[in-house]
Amino acid sequence: MTLRSRKIIPYLAVLAAVFAFGLVMFGAFVRLSNAGLSCPDWPTCYGKATWPHHEQAVAAANAAFPDRPYEASKAWREQVHRMLAGTLGVLVLLLALLSARRDRTVMLAIIVSAVFAAAGVALCLHGERDWSSGLALLAILLPTAGAFWLRERAAQKMSVLALAVIIFQAMLGMWTVTLLLKPIVVMGHLLGGITTFGLLAYAALRCHGFGSPDDRFAALRRWVVLGIVLLGCQIALGGWTSANYAALACGTDFPTCLGQWAPPTDFHQGFVLWREVGVNYEGGVLDMAARSAIQITHRIGALVVFCYLMWLAWRLARSGFRAGAIAVAVVLIVQVLLGISNVHFGLPLPVATLHNGGAALLLFTLLANVARLQSWHADEVESLA
């Protein structure tokens, strides 16, 4: 890798990570403002590259999609979100190409993947969804394999893998629209955004020198990794809560639910992951008992994660990582307060959006600790292989 490439990659990784964080926030804003189906087609919006502006275009849009009348206040949000996602895709593609610069095989795989992804979008525009999905699958597999093949540092591997996740995110974005906000797809889309941010954030951290000279902190690092796994499960629960419109299933009561400690619940229906195709899931289809079960599970998960991460912060502080420990504890407390505020104030849009951003920021604090505790030795051996 040339000296110029080595200098560009750290700054590009930071830019991509910050952009991904902003996209997670904006995606939450779109979803929570009920704008997820404001463009009934994909990747266009009522057949437009942007969205209808003039009266004649709006009339044509309403005629083409009579079941989904055009709402200007929502359509721009969804289409701008798609445009921002496309911009992030270009940034990650450039980052992946620079990361694989020394390996022509992986570079070729990345280029072919980008071509397949672009062709898949073109086919989707012409209604060839099966062919489009097939090309998208190949576009995902190529950089995934390339990331494992690449003999570079972890930061470069993560950058290449992020490209695969971005392409899968595009497919989930399409399915979110075509499957009418199917909860498992909406939750997957949220997790994909968080995963993209996590990969890019970790790459940026390693590129900027976060690491340990040896592996003396391996045991502590494993506890932090467990914290990331628990947080990931809780984020998934949060996504499932949002996708099933269960955020206010307990009303504005906390810590009780509907004024009770044990309200009527239906955990079986609440956690059926795959439901009927063709149903419009906007607004949710579950009864109150099923939604209450989801909300209560999310609260229990939050309690488990809170207790574990506070203990982890104490362990980090005792091991000499006070800054990392304070960051985890402070963001965790703020995140819990945002979650309680969501319930108490009836899910105000700014607070709910910040709650999504808080989850990503909490993940970042844990990733920063993992990067700090990770030895450089394994990376150096791989880089010289």
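Predicted model: local features only at pLDDT ≥ 70, side-chain atom pairs only at ≥ 80, totals over all residues.
I started with the link between Cys-39 and Cys-45, a disulfide with an S to S distance of 2.0 Å; a disulfide here is a pair of cysteine sulfur atoms within 2.5 Å. The torsion is -75° about the S-S bond, which makes this link left-handed. Both Cys-39 and Cys-45 are buried (buried is under 20% relative accessible area, exposed over 50%, partly exposed in between, with a 1.4 Å probe and protein chains only).

Residues are numbered from 1 along each chain as its sequence is written, and side-chain values use heavy atoms, leaving out hydrogens and water.

Next I looked up Cys-250 and Cys-257, whose sulfur atoms sit 1.9 Å apart in a disulfide. The torsion about their S-S bond is about -85°, so this disulfide is left-handed. I found Cys-250 buried at 0% relative accessibility, and Cys-257 buried at 3%.

How many disulfides does the count come to? I got 2, and their pattern is 1-2, 3-4, counting bonded cysteines along the chain. Cys-307 is in no disulfide, and the nearest cysteine sulfur, that of Cys-233, is 16 Å away. I have Cys-307 down as partly exposed, with a relative accessible area of 46%.
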